[in-house]
Structures are given as structure tokens and as C-alpha cells.
Amino acid sequence: MARTKRKANHLNPPETLEAGAAKQRIYRAGGYARLSVEDSGKPGADTIESQKGLIEDYIENQADMEFCGMYCDNGQTGVNFDRPGFEKLMQDVRAGKIDCIVVKDLSRFGRNYRETGNYLERIFPFLDVRFVALADSFDTLTAERTGDGYIVPLKNIINEVYSRDISRKTGTALAVRQRRGEFIGSWAAYGYKKCADDPHRIEPDAETAPVVREIFHMRSQGMSYRKIARELNGRGIPAPSRYHYLKGDTKCARYADVVWQMNVVKQMLSNKVYIGHMVQGRKYESFYEGKKQRVLPETEWTVVYNTHEPVVDESVFSAVQKMAEEQRAAYQERLGKYDALGHTPGILKKLVYCADCGRRLTRYKSVTCSGKKKTYFYMCPKHAEDPGACPKKYMPEDSLLEILWDTLKIQIEQAGEMSGEIKNIRASAGQADADAALEREAAAAAQELKRAQMLYDGLYPVYAVDRALTEHEYMQMRREYRVRIEQAEKALEIIEEKKKERAARMEQNLWLEACAPFSSETGITEEMAHALISRVEVSADNSITVRLRWQDEYRMLADFLESEKGVAL
């Protein structure tokens with residue numbers, strides 16, 4: 001929570017200032033805190049809260065700073081800048097809300113020396129942003145800068161080399177532990193917990209192991225993955241990640257309301273950890289090799305047998321695996337069965353959402369009439385996982401496309417009509433006179449610029465060679481011509497902005513440009529949908545809310561035409 005501090009009134013500055021005194025700039029300061037691993041909150045460790053406290057205390061005690069916000073990335077690597085908290089900070093910087101960034105030290109800001117140096121040397125100076133790293137005693141306001149830039153980025157080279165070295169050494173050590181069958185994860189698999197006397201060993205968890213056994217039992221009785229998830233949610237049993245959140249193993253808020261899902265149940269039912277075998281290394285990434293995380297095939301997993309007490313009988317586990325294999329075989333057999341009906345691509349990909357829970361609706365295919373007819377429809381995945389969590393949605397794709405086409409057809413027709421109005425305005429005598437007047441202004445400003453530039457360029461020879469001017473006259477005339485040049489350049493900029501503004505209000509209007517390619521279409525297309533629609537929301541009663549793109553530009557054009565022609569649109 002932001003602290004209160006002295007208020008700086010920017011609207012009503014003091015009425016009197018001492019003669020010659022310069023008004024001190026008050027920086028709008030934003031703090032930035034980051035941890036590579038999720039904040040454990042352990043005493044003595046570097047935590048997000050300790051970083052925030054240090055930064056806020058510093059800003060509070062600076063007469064030229066005003067605290068305007070704290071931005072955090074908990075559990076985010078410092079080797080790149082693809083972090084949500086940092087991106088929000090830069091959005092506010094570009095919006096003018098923040099013009100000073102304070103961090104605990106450079107390593108919290110970033111460990112990639114190239115990108116960090118780019119921010120310090122180029123981006124922040126361009127945006128007029130002050131940067132302060134407290135532990136490094138670095139402040140761009142006072143730091144010495146050589147022809148090669150700040151010396152401080154050298155520390156980031158050390159940070160990056162250190163990160164790569166640690167990555168290599170840690171990765172090698174962890175791989176050895178994996179091959180020995182030692183547990184190296186943060187959380188034990190659901191149903192287990194780390195042994196109190198050895199965190200590299202696991203043992204059954206008295207709270208969750210019975211739930212795992214029941215999941216295997218339900219599946220062995222023929223219950224589907226989805227039905228098992230619904231049963232667990234209906235009984236209020238916390239899903240694995242929510243269980244860890246409630247136990248305090250993690251403070252990450254995104255786990256607070258997670259529910260059981262079909263895929264989680266499916267993965268659990270195939271995990272050999274439940275019959276006493278340690279399975280690790282499903283994913284691989286290597287910072288020092290520059291390799292991003294990827295999922296490995298099962299043949300490359302590290303499996304060590306009989307490392308801990310099983311919670312599921314092996315016969316039950318085998319029966320469940322046999323059911324899964326039969327299900328996969330049946331699925332493979334069905335593949336291609338209805339290929340003769342053809343495939344209709346979904347043109348509304350990533351556009352259709354649930355109005356209640358906000359999740360993207362899933363597109364399903366249904367084959368009816370004894371395999372002779374196929375249809376598509378949209379349903380809410382959250383309702384499928386837990387019917388009580390979100391009302392049911394069922395929207396046939398044909399009906400949805402018809403509604404959307406009716407909506408977009410009106411937009412496209414309006415665009416055609418408004419384009420015609422613009423052509424009439426452009427052809428009118430009044431518009432021609434206005435355009436001509438603007439061109440005359442531009443020509444006059446260009447002529448003045450050329451003349452002032454010529455006089456400015458010829459001034460020095462008159463002074464230095466011809467000796468026709470005194471130094472005082474030369475300096476005075478030089479200033480006058482420089483002012484005339486700047487005034488002429490500014491006049492040309494203003495005229496150019498007027499031209500751009502007129503074009504943006506008329507034929508170069510973004511809404512018109514978006515609608516123009518579809519003027520001859522007779523139905524909705526994928527390109528049209530994504531160009532003109534930003535979001536479609538389906539409610540429980542199957543009512544549709546369509547959010548269109550470029551509506552500010554449409555309104556601006558409609559207002560302009562109404563003012564020019566008296567045409568209400």
C-alpha cells in the first residue's frame with residue numbers, strides 16, 4: 001500500500017520565488033521490485049516486501065520525488081524484460097505517469113547487460129526518465145557519463161555471466177540428484193509431501209493421499225475424467241494448486257480459486273509417482289545454453305524406480321492405464337470416420353467469450369443424422385468443468401455467424417455511404433477553397449523558411465569576410481534569423497498536422513479503411529471478423545454482445561459529417 005507523504009501542488013505553485021532561484025523539478029517516482037523465484041517470505045531472505053519497503057523509504061525521504069506507484073514481478077527471471085509488472089511500469093512511463101524509476105539494485109532491474117544497457121543509455125534518456133539503483137549508488141541524474149556511456153552497465157555483464165554460470169552449475173547438480181532418485185521440485189506431487197528430515201525425499205500426505213486413491217477408484221469404476229473433476233469440485237475438495245495456496249506453500253494469488261479440471265485428473269491418473277517411482281525431467285530449459293523451456297517426450301524423462309512408498313496399488317494403476325490405452329485406441333479408430341463430411345475452419349478463433357466468467361468459449365463439432373450431417377457450436381469450458389461455477393452456454397455457430405454478419409453488414413454499408421459523403425465534401429467549392437487556402441499557407445511558410453535560411457547562411461561571410469557588421473550586430477541578426485527559421489518550421493509543422501487531421505477525419509479514417517476491403521462481400525469471412533470485431537460475449541440466455549473495433553474513429557467521422565453536411569448518422 002502506498003505511503004502518504006508531503007503533497008506537491010503542481011497547479012498552485014508558491015506565489016514568490018527568490019530572484020534567480022530555479023524551480024526544482026519534482027519527479028513522479030515509481031518503484032520496481034523483482035524476484036527470480038516466487039517470494040517465499042522466509043525471514044532473512046530477499047523478499048518482494050523488503051525491496052518495496054527499501055524503495056518506498058528512499059522515495060519518502062527525497063525532496064525532489066513524489067511516490068506514484070509500486071510495480072512488482074514475483075517469480076520472474078531477470079534475463080529478459082518480458083515481465084507483466086515491468087510492462088505495466090513502461091506503459092505508465094510512456095503515458096507520462098512515471099518519470100523516475102527506483103530499484104533496489106541493477107540485478108533486480110535486469111541481468112541481461114545488453115537490454116539493461118539499452119534502457120539506461122537510450123530508452124530512458126529519450127523518454128526523459130531518471131533511473132536510480134540504490135545498492136549500486138547509481139542515479140542517472142548525477143552519474144558520470146563518458147563518450148561510451150555509463151560505466152555501470154559493466155556490472156550487468158558480470159550479472160549475466162554470473163547467471164549463466166549459476167545456471168550451468170545448478171543444472172548439472174540437479175540432474176545428478178534426479179538420476180539418484182532425489183526429489184528436486186518445489187512441491188511434491190498431490191498426495192505426497194516432502195519428508196521433514198530430508199526435503200529430497202517424499203512420503204504420503206495424510207490429507208491428500210486418500211483423495212488420490214479415491215480418484216483412481218472412481219476411474220477404475222468407469223467414471224470419466226470430466227465427471228471425476230465435477231465430483232471433486234462438487235464436494236469442495238481443493239484442487240492441487242489451490243491446496244498449496246491454502247497451506248501457505250505459495251502466496252501467488254492466481255492459485256486461490258483454481259478448481260479441478262479434466263486435464264489435471266488425466267495427468268494424475270498416468271503418473272507413476274503414485275506407485276512408488278520418482279518421475280522427473282518432463283520439461284527442459286537451459287539459460288546458459290540459451291534454450292527456452294520445452295516439454296520432453298516420455299522416453300527422455302528421468303524415472304527412478306521404488307524410491308518411496310506408493311499410495312495406489314499397482315494392480316489398480318495398471319487397470320487405469322489399460323482403460324486409457326483402450327480409450328486412445330478407440331479415438332484413433334474414430335479418426336477420419338467422418339472425413340467425407342469435410343471440415344469447416346473456425347473463423348471466429350479467439351473472438352468468442354463467456355459473458356459470465358470471461359473465459360474463451362470452446363468450439364465443438366457434432367455429427368447427427370446417422371453421420372450424415374455435421375454442425376458446430378460453442379460452449380463454456382468452465383461450465384463443462386464445474387456446472388455450478390458458471391451458467392451453461394450453448395451457441396450454434398451458424399446462428400452466431402448470422403447475427404455477426406447482420407451487424408457487420410450494417411457497418412460496411414454505413415462505411416460506403418459515408419465514403420460517398422466525403423467525396424461530395426471534397427468536391428464542394430467550400431472544401432476546394434479551404435484546401436487552396438491551406439496550400440497557400442504552406443507555400444508562404446516554405447518561402448519564408450527558404451529566405452530565412454538563405455539569410456542565415458549568408459550572414460557569416462558578411463561579418464567575417466566583408467567586415468560589414470560588428471560582432472554585436474552579427475550575433476543579434478543571427479538570433480533573429482534563427483527565430484524566423486524556427487517560426488517558419490513550426491508553421492509548416494502546424495499546417496502538415498492540419499492536413500493529417502483533415503485526412504484522418506475523412507478518407508484516411510481508420511474505420512473506413514478497415515471496412516473498405518469488404519464492400520463486395522456477401523457473407524462474413526475470417527479476415528472480416530478479425531478486422532472489425534474485438535470481442536463477442538455470449539450470455540446464459542444466448543443473447544449476444546458484439547464489441548466492434550474502430551468505434552472512436554467511426555464516431556469522429558460521424559460527428560464531422562454531421563457538422564459539415566448536417567447529416568445525422
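**Notes on the predicted model**

1. K52 has a relative accessibility of 17% and therefore counts as buried, where buried means under 20% relative accessible area, exposed over 50% and partly exposed in between, with a 1.4 Å probe and protein chains only. Its salt-bridge partner is E49, with N to O at 3.3 Å; a salt bridge here is a side-chain nitrogen of Lys or Arg within 4 Å of a carboxyl oxygen of Asp or Glu. E49, at 52% relative accessibility, counts as exposed. Both K52 and E49 belong to helix α1 (residues 48–60), where they are 3 residues apart, about one turn of the helix; helices (H or I, at least four residues) and strands (E, at least two) are DSSP runs, numbered from the N terminus.

2. On the basis of these notes, the model is a predicted one, in which local features need pLDDT of at least 70 and side-chain atom pairs count only at pLDDT 80 or more, whereas totals for chains, interfaces and linings use all residues. Residues are numbered from 1 along each chain as its sequence is written, and side-chain values use heavy atoms, with hydrogens and water left out.

3. By the salt-bridge rule the count comes to 21. One of these salt bridges pairs D105 with R108, their closest N and O atoms being 3.9 Å apart; D105 is buried at a relative accessible area of 13%, and R108, at 9% relative accessibility, counts as buried.

4. A salt bridge also joins the side chains of R363 and E397 (2.8 Å, N to O). This pair links distant parts of the chain, with R363 in strand β15 (residues 362–368) and E397 in helix α12 (residues 397–427), 34 residues apart. R363 is partly exposed, with a relative accessible area of 24%, while E397 counts as buried at 4% relative accessibility. Salt bridges that share partners join R25, R28, D99 and D128 into one network.

5. R363 has a further contact, since this residue lies over the face of Y376, at 3.8 Å from the ring centre; a charge sits over a ring if NZ of Lys or CZ of Arg is within 6 Å of the ring centre and within 35 degrees of the ring normal. R535 lies over the face of Y353, at 3.9 Å from the ring centre.

6. Which strands form the open sheet with mixed pairing? The order is β14-β18-β19, 3 strands in total, two strands being paired if DSSP finds at least two bridges between them. β14 (352–354) and β19 (544–548) stand at the edges with a single partner strand each, so one side of each is left without a neighbour in the sheet. Strand β18 (residues 533–538) is joined to β19 by 5 bridges, and the two run antiparallel. R535 stands opposite R547 in β19.

7. A search of the whole structure finds 22 aromatic pairs, that is, rings of Phe, Tyr and Trp (its six-membered ring) with centres within 6.5 Å, where planes under 30 degrees apart count as stacked, over 60 as edge-to-face and the rest as tilted. The rings of F109 and Y119 have centres 6.0 Å apart and planes at 85°, so this pair is edge-to-face. F109 lies in helix α3 (residues 106–109) and Y119 in helix α4 (residues 113–126), 10 residues apart, and both F109 and Y119 are buried.
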